[in-house]
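Let's walk through this structure together, looking at its charged pairs and then its aromatic rings.

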Amino acid sequence: MLRPWPAEDGLLARLRLVGGRLSAASLARLLDASAEFSDGCVHLTTRANLQLRGLPGRDGRLDPAVVAAIEATGLLPSRSHELIRNILVSPQTGHAGGRVDLRPVAERLDALLCADSRLARLPGRFLFVLDDGRGDLIDRTADTGLVALSDTEAQLRVGESWGAVLNLADAAERVAAVAAAFQAARGDGPDAPWHIRELSGPLAPAVTADARLPGPSGPLPYGPVPGGTHVPVPDGVLTAAFGRTLLDAAELVVTPWHGIFVPA
């Protein structure tokens, strides 16, 4: 929101959702903001985030009225760290399946990132991926994150390698520490790497993949699924009419497959 992209139809701004979680109240306010300032739609990304297109502004900045409308949705909790809050989580976690509910870990990780001034300088493409052991995100390219091995343990991801097996009680701290180590290693120059895999040397010694790691389960299918319904959003474009049919749900989870999981 504070560094919008200049597209042909106006400024494009992205909102990060931790684990894709979105309240109906926030969606309603966002649809209202889009109707007033954008194309009336909300666009879903493959990182389970949201975008608004065609926004007014000048000199690469959004009009203050747009920023105020977006902040009123509750989806802009940190102006300083908004660019780096890229936390992808198994969409069904805590609702059905998986080895553990990773929502508390994701929330703790987000709080740790926002509390560390150094991490505000992470690249906007740096991605955290948390798989709750069902395998839906294990094959997703990540900078760091984890895969649950049980309801108490997970294996750390460090770039393209596996890290230590850790206790889920301090998993958020360990993942945030990887991000901090990367920021220290990359520096701040114009040629600084954007991803851990781009560093000249390993960030940490590689560890053998744990035998308990799941195989890839593939994307969540559309339609009725354990714990709710995965509603497809064609081309990732959530129209106002379609979006308002979802506002009776207690909770919504945007998925990285151009869909919205609606828990039962």
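**Charged pairs and ring pairs**

Arginine 53 has a relative accessible area of 25%, so it counts as partly exposed (buried is under 20%, exposed over 50% and partly exposed in between, with a 1.4 Å probe and protein chains only). Residues are numbered from 1 along each chain as its sequence is written, and the side-chain values use heavy atoms, leaving out hydrogens and water. Please keep in mind that this is a predicted model: local features need pLDDT of at least 70, side-chain atom pairs count only at pLDDT 80 or more, and totals for chains, interfaces and linings use all residues.

Arginine 53 forms a salt bridge with aspartate 9, with the closest N and O atoms 3.3 Å apart. The term means a side-chain nitrogen of Lys or Arg within 4 Å of a carboxyl oxygen of Asp or Glu. Aspartate 9 is partly exposed, at 43% relative accessibility.

A second salt bridge joins arginine 85 and aspartate 110, whose closest N and O atoms are 2.8 Å apart. Here both residues, arginine 85 and aspartate 110, are buried. Across the whole structure, a search finds 15 salt bridges. Some of them link Arg21, Asp101, Arg103, Glu107 and Glu251 in a network.

Now to the rings: the search finds 2 aromatic pairs. Rings of Phe, Tyr and Trp (its six-membered ring) pair if their centres lie within 6.5 Å; planes under 30 degrees apart are stacked, over 60 edge-to-face and the rest tilted. Phenylalanine 126 and phenylalanine 128 are edge-to-face, 5.1 Å centre to centre with 65 degrees between the planes. Ring pairs link Phe126, Phe128 and Phe182 into a cluster.
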